Amino acid sequence: MLRCNNITKTYERSVVLDNFTYNFSDNGFYLLLGESGSGKTTFINLLSGLINKDDGEFYIDDKEYSNEELRKYMRRNSDYITQDAFFVDFLDVRDNLKMVCDDDELIKQKLDEFGILEKISQFPSSLSGGEKQRLSIVRALLGNKKILMLDEPTASLDSENKKIIFEYLRSIKDNVLIVCSSHDREAVEYADYVIEFKKEHKILDEDITDVVDVKKNDIVRKKAIFAGSDKSQNNKKRRSAYFLKKWFHSGRRSKKSNIMFGIFLTLAMCLCLLADTPQNRLDSNMEYTYNINMCRLLTHNEDVNEYTELKEEVGEVVLDYGWSLPSSQPTNGDDSLCYEIGDYETSVSVLPFSEKYCKVADNIKYGTYFTSENQIILSYEMAKKLMPDNPENLIGKTLTKKFYGIGEVELEIVGIFDYFDDFEKMYLKAMGINIHTGDSYDESDYTDLWFANAKFVEKFASDESFFSTDGQRVYTLFFDSYKEMKEYYKTHKELYNQGENYIYIGITQSDFLGVFNLMYNVLLPLSYFLVLFTTLFYINLIRTELTYNNKFISVFDYAGYDSAHVSKVFTLLSLAETIKIFFVSVVFTVVISTVANIINKKYVFIKFQPFSYNVYIIATFVCILLAASVLFTGLTLRRYRKVSWYDNILNNRDLI
């Protein structure tokens with residue numbers, strides 16, 4: 001038994017309901033009849049708990065309910081069907097009903113009873129007005145509701161559909177309490193009781209009989225039996241993710257917007273890869289472009305055992321013959337230095353004996369790499385100078401060279417390098433082999449370039465006289481990888497860089513200082529501007545989609561789901577969707593940057609790798625994007641959560 005006692009509601013000093021008193025049974029069809037503006041909708045809103053009464057009492061089974069208690073009770077036990085008949089547009093009929101009942105057979109049964117079973121796989125937007133209203137009633141029944149409230153359910157329907165709806169209401173009135181507002185007098189013949197509402201918002205008489213028409217039929221009152229079963233909030237929380245996931249695959253969403261978002265993301269990340277810090281870009285180029293795997297050690301420790309000790313610590317040690325060669329240094333009158341040397345080779349380029357430590361070994365055009373100490377490899381320019389027509393015929397022949405302390409030695413030519421590109425020149429430069437590295441290719445700079453090997457010059461390492469005039473020796477230390485070399489460099493830098501000793505990497509930032517700094521200072525702000533632009537684009541995308549589709553949030557609220565949890569789940573799903581688009585963009589970014597680097601390495605348009613990966617810059621990019629996704633999605637949904645499902649539906653009527 002639901003009792004209303006002296007219910008009063010005032011809007012802006014206008015009394016809409018004045019001491020309204022009435023008793024409702026547990027079931028039956030009660031029709032609130034009256035013209036628009038007479039207070040019918042206000043009463044249903046009061047009864048549903050959507051708005052608060054100003055005065056009076058509501059009793060349910062003789063227990064008085066406050067405004068808040070009534071709202072909670074009605075949320076659990078009633079269903080409010082508006083003239084809009086709203087549903088989640090990206091869910092089909094089956095899923096819309098599964099929001100309130102997960103019994104598939106019962107869903108089919110009820111749809112069949114209401115003549116719309118064939119619509120089970122269609123989306124609500126494809127249904128007629130009458131079909132939507134019938135679907136609303138099915139949803140109410142499946143939701144195990146004791147009270148069914150309807151506000152002008154036939155306002156926009158034709159006569160045939162009006163009759164269908166009222167017939168259905170009459171067919172279920174023995175099982176539910178139906179409170180239906182309407183200005184359509186055709187509904188009177190279907191109702192058990194009619195409550196007349198007047199425009200002046202006054203009940204005609206405090207006596208119930210004055211406001212109620214006679215009972216139309218001798219109704220046999222039965223205890224209400226409801227379909228479906230109550231679902232706990234935990235179960236609804238579990239199911240909410242299933243339904244909300246379908247939003248992100250819905251045809252109602254603009255795929256073009258996602259594509260544009262992905263394109264902006266890809267461009268922004270490409271810029272981030274171009275806008276690397278100078279030091280990280282240098283490290284990246286040394287590791288992946290120039291394949292640097294060595295560092296240089298200049299020492300004034302006149303101990304021949306140092307060479308042996310170094311060999312135990314690193315992959316291979318190469319004694320730099322030219323920089324360690326003994327010479328005298330008489331001083332001229334202008335205090336400049338000049339070197340007096342003997343009649344022997346003074347500048348010998350030395351490669352590691354082991355092929356795995358020489359990263360230009362695969363550039364050999366003819367012949368092979370070293371297999372014994374008295375072997376040399378020629379540059380292609382030198383081979384062409386010695387035998388212009390058939391330089392490959394030099395393989396196996398010998399050249400006689402004179403060296404400090406041992407005289408003339410016959411050296412076998414075992415290989416001939418192809419032309420070196422600019423990246424390979426940088427590798428040789430890091431070894432201390434200073435050949436031409438300019439923009440143009442001048443063969444005269446290479447015509448006398450040949451390479452001995454580390455085993456050949458090893459004999460000089462044990463010679464106690466083989467130190468420069470000031471006691472200097474230079475070693476090139478080779479490692480398996482750049483990372484291994486860099487680790488050795490870091491751990492030994494403090495130890496060696498004392499006094500006159502010095503350990504260094506043969507390529508420094510100064511080689512590209514201007515270009516790297518320019519790229520960093522110009523492209524980094526540009527990349528973060530694009531990040532900001534991409535983020536704003538994404539925020540606007542979310543805001544636009546939710547502005548025109550936020551009605552689904554109200555449907556979840558209407559169906560009894562916790563709106564805060566729905567908001568949280570949707571935000572997380574939106575974040576997951578952003579991450580998915582991000583990873584797709586990452587794939588495209590990696591492909592674009594890798595292909596660009598490969599093409600540049602093959603044709604050498606510029607002397608360094610244009611794209612490099614900086615974890616910190618990329619991480620900052622990702623954090624900005626994902627934080628914006630979570631923040632603005634959450635804030636947008638929070639705004640819609642602050643209004644009731646009913647108010648949200650009213651606000652969106654022009655969009656429905």
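Two strands pair if DSSP finds at least two bridges between them, and that is how strands β14 and β17 come to be listed as antiparallel partners, with 2 bridges. Helices (H or I, at least four residues) and strands (E, at least two) are DSSP runs, numbered from the N terminus. Welcome to this predicted model, in which local features need pLDDT of at least 70, side-chain atom pairs count only at pLDDT 80 or more, and totals for chains, interfaces and linings use all residues. Residues are numbered from 1 along each chain as its sequence is written, and side-chain values use heavy atoms, with hydrogens and water left out.

**The open sheet and its helices**

- Let's start with an open sheet of 4 strands, which follow the order β2-β1-β4-β5 with antiparallel pairing.
- At the edges stand β2 (14-24) and β5 (63-65); each has a single partner strand, so one side of each is left without a neighbour in the sheet.
- On average, neighbouring strands here are turned by 30 degrees against each other, direction ignored.
- Inside this sheet, β1 (residues 2-11) pairs with β4 (residues 55-60) in the antiparallel sense over 5 bridges, and Thr8 has Asp55 in β4 as its bridge partner.
- Helix α2 (residues 67-77) packs on the sheet and touches β1, β4 and β5 (contact means heavy atoms within 4.5 Å), and its direction makes about 100 degrees with that of β5.
- Helix α1 (residues 40-48) lies across β1, β2 and β4, running at about 120 degrees to β1.
- For such angles, axes are lines fitted to C-alpha atoms, for helices over the stretch in contact, and the angles run from 0 to 180 degrees between N-to-C directions.

**A serine in a loop**

- Ser38 sits in the loop between β3 (28-33) and α1.
- Ser38 is buried, with a relative accessible area of 1%; buried means under 20% relative accessible area, exposed over 50%, and partly exposed in between (1.4 Å probe, protein chains only).
- The Ser38 side chain reaches the backbone oxygen of Glu35 at 2.7 Å.

**Two crossing helices**

- The axes of α4 (residues 104-113) and α5 (residues 129-142) come within 10 Å and cross at roughly 140 degrees.
- The two helices α4 and α5 are therefore oblique to each other; angles under 35 degrees count as roughly parallel, over 145 as roughly antiparallel, 65 to 115 as roughly perpendicular and the rest as oblique.
- Leu106, Ile107, Lys110 and Leu111 of α4 make the contact with Leu135, Val138 and Leu142 of α5.

**Strand β14 and its partners**

- From β14 (residues 375-378), Gln375 and Ile377 point one way while Ile376 and Leu378 point the other way, and all are buried.
- β14 pairs in the parallel sense with β16 (residues 407-417) over 4 bridges, and Leu378 stands opposite Ile416 in β16.
- Leu378 also has a bridge partner in β17, namely Trp450.

**An enclosed helix**

- Helix α14 (residues 422-430) has 8 of its 9 residues buried, so it is largely enclosed by the rest of the structure.
- Among the buried residues of α14 are Phe423, Met426, Tyr427 and Leu428.
- The buried residues of α14 pack against α10 (278-289), β10 (294-299), β17 (450-453), β18 (473-478) and α19 (563-603).
- At the start of α14, a side-chain oxygen of Asp421 reaches to within 2.9 Å of the backbone nitrogen of Phe423.
- Gly432 follows α14, and its phi is positive, near 90 degrees.

Terms used
A polar contact is a pair of N or O atoms within 3.5 Å; within protein, one must be able to donate a hydrogen and the other to accept it, and residues adjacent in sequence count only if both atoms are side-chain atoms.
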